[in-house]
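Here is a short report on a protein chain and the RNA strand beside it. Look over the sequence and the model before reading on.

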Amino acid sequence: MNKSVRTRMAPSPTGEMHVGSLSIILKNYAFAKKHGGTFILRIEDTDKVREVEGAKDRLMDVIHKFGLDWDEGPIKGGPHGPYVQSERLPIYTKFAKQLVDEDKAYYCFCSKERLESVKAAAIANKVPPKYDRHCRSLSQEEVAAKLAEGSEYVIRLKVPDNQEIKFNDLIRGDIVINSDIIDDQVLLKSDGFPTYHLAVVIDDHDMEITHIMRGEEWLSSTPKHILLYEAFGWEKPVFAHIPIYLNPDGQGKMSKRKGDVSAQSYLDKGYLPEALLNFFMILGWTPEDQRDIVTLEEYIQEFDPKDISKKSVAFDLKKLAWLNGVYIRALYEKDHAELIKRLTPFLPTDFPQEKLGVILPLVYERLERLTDMEELTSFFYQDIEQDKELLLKKADVELVKKQLTEVEEALMSGEWSLSHLEESLRGIQERNNYQKSQFFMMVRVAVTGKKATPPLFETMEVMGKDLVLARLKQARQIVSA
RNA sequence: GGCCCCAUCGUCUAUCGGUUAGGACAUCGGGUUUUCAUCCCGGUAAGCGGAGUUCGACUCUCCGUGGGGUCACCA
């Protein structure tokens with residue numbers, strides 16, 4: 001292709017960034033980068049009723065948090081601005097009027113009430129609800145009169161009768177739809193704002209978008225856009241409708257009812273942005289060699305939208321969790337300091353920061369999410385309560401008391417080192433021929449209060465002599481009680 | 001319901017007419033180990049159904065069935 005690739009993502013500031021939207025941003029971004037093209041961010045804020053305060057900034061903020069960025073768009077600007085639709089109103093009005101002048105669109109003065117009753121009647125008669133084109137046949141004089149008296153109006157597209165509308169989708173191939181099922185679409189709303197359909201077509205053309213990669217939910221409105229491109233006589237971009245994410249159980253598109261849908265919420269839950277990105281990459285697309293771990297750079301090289309799977313995919317949380325663990329372990333190996341930095345916001349306020357460096361090596365490979373850190377390490381700095389039943393598992397009171405006393409005495413003296421700890425405890429176990437699993441598990445529970453912990457000796461070393469001795473004493477009291 | 005899209009292990013996928021249908025996650029079992037985790041090894045598990053086309057269909061066609069999307073002065 002000789003025309004430089006230009007892709008875009010156009011979120012609407014009506015809520016938080018959806019994981020599906022972010023995934024589509026990733027694809028548009030990667031495709032543009034792969035071809036040395038341009039990725040554009042455009043804000044589609046034409047619905048003033050649903051707009052949410054601050055949403056626009058959070059949308060942009062989240063994109064940055066995932067390490068992505070746009071080449072043209074809000075903040076950055078660019079040769080095709082403004083990139084916020086509410087700042088482009090005159091453009092839409094101009095083109096809408098142009099369509100009316102060319103007899104490709106018309107004024108409609110129908111009241112909301114009339115529209116409602118037309119719809120209700122259609123439903124009652126079990127026919128597809130559709131505008132009855134009441135105003136399509138208004139004479140020029142009638143329209144002029146209505147306009148003169150200041151009646152509210154919208155501008156609707158004159159959709160042709162029984163016409164085959166064809167377009168090609170990069171992922172699905174040729175798609176043909178009969179125009180009869182398309183309503184005379186509202187292009188310009190009575191508040192003067194354009195509808196999505198008018199605005200996207202004008203902006204995508206104006207911003208010279210070459211490839212539209214968007215969610216599959218837009219597939220059925222693409223014919224409307226095709227009609228508009230043809231009405232304006234504009235060249236059509238390449239379309240690629242990307243399958244949507246289904247709930248983890250595979251039932252229906254992702255909904256708040258069944259889990260988190262905002263990209264930010266996954267960050268908040270301790271997923272690494274790069275792990276999430278990797279997850280988006282391999283959900284519905286596989287690299288040639290079928291590997292699961294793909295970096296952004298590799299993705300840019302290898303990704304091709306035409307290879308995206310056609311089917312909607314379940315948002316498999318299990319795989320995400322696995323991927324996140326892989327990324328946490330890799331980050332630890334690569335850059336301790338960076339992992340510590342990422343972990344910090346997830347630590348409780350009483351966490352002993354100065355000990356993080358020695359605690360982390362003990363637990364990092366047990367972290368599936370950054371939020372796991374608290375649960376995994378709380379016994380290092382918070383009071384614990386040992387379970388008597390657990391302490392006495394596979395042994396009786398007298399034996400456990402004896403064992404605890406022996407351990408206490410052994411650790412009282414000598415230097416506090418890993419080798420000393422190991423020699424002492426192993427010595428006690430071997431000399432008395434204690435059952436390994438019983439003895440070490442008992443000590444583990446006594447010292448940490450937990451059945452599952454990092455390696456015992458290392459853990460005790462990091463805890464320090466005072467704490468360990470105190471815990472042993474506490475355990476002895478609980479057993480005796 | 002109309003229209004559109006889709007259909008291989010539980011999940012995500014490989015296969016692009018001829019394979020013992022492969023991989024990853026999950027799951028199960030084993031090894032390493034004082035627990036958990038990591039790591040290593042192994043197992044269970046799939047072509048929705050029915051007609052065609054073909055020497056031969058998971059793969060092509062059609063019809064069912066199932067799933068998803070969409071039918072606003074929302075995007």
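## Terms and model

A residue is buried if 20 or more other C-beta atoms lie within 10 Å of its own, exposed if 12 or fewer, and partly exposed in between, with C-beta atoms placed from the backbone. This is a predicted model: local features need pLDDT of at least 70, side-chain atom pairs count only at pLDDT 80 or more, and totals for chains, interfaces and linings use all residues. Residues are numbered from 1 along each chain as its sequence is written, while chains are lettered from A and ligands numbered from 1 in the order in which they are written.

## Overall form

Chain A holds 20 helices and eleven strands. These are DSSP runs, numbered from the N terminus: helices are H or I with at least four residues, strands are E with at least two. Chain A has a radius of gyration of 32 Å, well over the 23 Å that the globule rule gives for 481 residues, so it is more spread out than a compact globule. The radius is taken over C-alpha atoms, and the rule is 2.2 Å times the number of residues to the power 0.38.

The C-alpha atoms fill a box of roughly 105 × 50 × 35 Å along the principal axes. Of the 481 residues in chain A, 31% are buried.

## Nonpolar cores

A nonpolar core is a set of buried Ala, Val, Leu, Ile, Met, Phe, Trp, Tyr and Cys residues joined through C-beta atoms within 7 Å. The largest one has 81 residues; Leu22, Ile25, Leu26, Ala96, Leu198 and Phe280 touch the most other members. Helix H1 (residues 19–34) gives this core its largest share, nine residues. Domain 1 (6–85 + 245–314) and domain 2 (88–242) both contribute residues, so the core lies between them. The domain bounds come from an automatic or database domain assignment.

Another core lies apart from it, with 21 residues, among them Leu404, Val443, Ala446 and Leu472.

## An uncovered hairpin

How many of the six residues of strand E6 (residues 173–178) are buried? The count is zero, and E6 is hardly covered. Strand E5 (residues 164–169) runs antiparallel to E6, joined by six bridges. Strands pair if DSSP finds at least two bridges between them. The two form a hairpin with three residues between them. Asn168 has Asp174 in E6 as its bridge partner.

## Beside the RNA

Around RNA strand B are 60 residues, of which Ser12, Glu44, Lys253, Ser309 and Lys311 come nearest. A residue counts as near if its C-beta atom, placed from the backbone, lies within 6 Å. Helix H18 (436–448) gives the most to this surface, with five residues. E6 is among the elements that supply at least two.
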